[in-house]
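The tour goes from stop to stop, with something to select at each.

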Amino acid sequence: MKVRTQIAVKTANSGIRVVMLPDILYLKSEGRYTIINLKDNTSLVACKNLGIYEELFKDINFVRIHNSYIVNFQHLNQIIRDSGGQYCVLFNDKIIPISNRRFSRVKEHLHF
């Protein structure tokens, strides 16, 4: 089986862009579009919904942690739990919520 290292992203404004998977921090749903946030602090608006990317990344280090977010766990720094819920903190200090429903999957992915 060939390991995927990059994807081609059809963007809303600039055609097709090839993105290296390690460069992706997280993906965020925006209706029928997906915002792909990169480690160089740029983002792409992709013409596919988040569910397509969830299926595409299901066997690699990306985890759907919320209805609106998929995180590249390669960039995960810590998990925080407090009275307001639980959150992923990425290496760049970006904080992303983890839904209660998906928290067990996060722990399973981390072998916790």
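The stops below cover a pair of strands and then several salt bridges in this predicted model.

**Stop 1**

Select residues 6-11, which make up strand β1. How many residues lie between β1 and β2 in their hairpin? There are three. The two strands pair in the antiparallel sense, over six bridges. To see one place where they face each other, pick Val9, which stands opposite Arg17 in β2.

**Stop 2: Asp23 and Lys39**

Now turn to charged side chains. Side chains of opposite charge can pair when their charged atoms come close. The model has five salt bridges, counted with a cut-off of 4 Å between nitrogen and oxygen. Select Asp23 and Lys39, whose side chains form one with an N to O distance of 3.7 Å.

**Stop 3: Lys28 and Glu30**

Select Lys28 and Glu30 next. They form a salt bridge, and their closest N and O atoms are 3.5 Å apart. Glu30 has a relative accessible area of 40%, which counts as partly exposed. Lys28 is partly exposed as well, at 28%.

**Stop 4: Arg64 and Glu54**

Select Arg64 and Glu54. How far apart are N and O in this salt bridge? The distance is 2.8 Å. Arg64 belongs to strand β6 (residues 62-66) and Glu54 to helix α1 (residues 50-56), so the pair joins parts that are 10 residues apart in sequence. Color the two residues by accessibility. Arg64 has a relative accessible area of 10% and is buried, because the limit for buried is under 20%. Glu54, at 25%, is partly exposed.

**Stop 5: a network**

What links Glu54, Arg64 and Arg105? A network of salt bridges links these residues.

Methods. Residues numbered from 1 in each chain as written. Predicted model: local features only at pLDDT ≥ 70, side-chain atom pairs only at ≥ 80, totals over all residues. Heavy atoms only, no water. Buried < 20%, exposed > 50% of the residue type's maximum accessible area, 1.4 Å probe, protein only. Helix = DSSP H or I, 4+ residues; strand = E, 2+ residues; numbered from the N terminus. Pairing = 2+ DSSP bridges.
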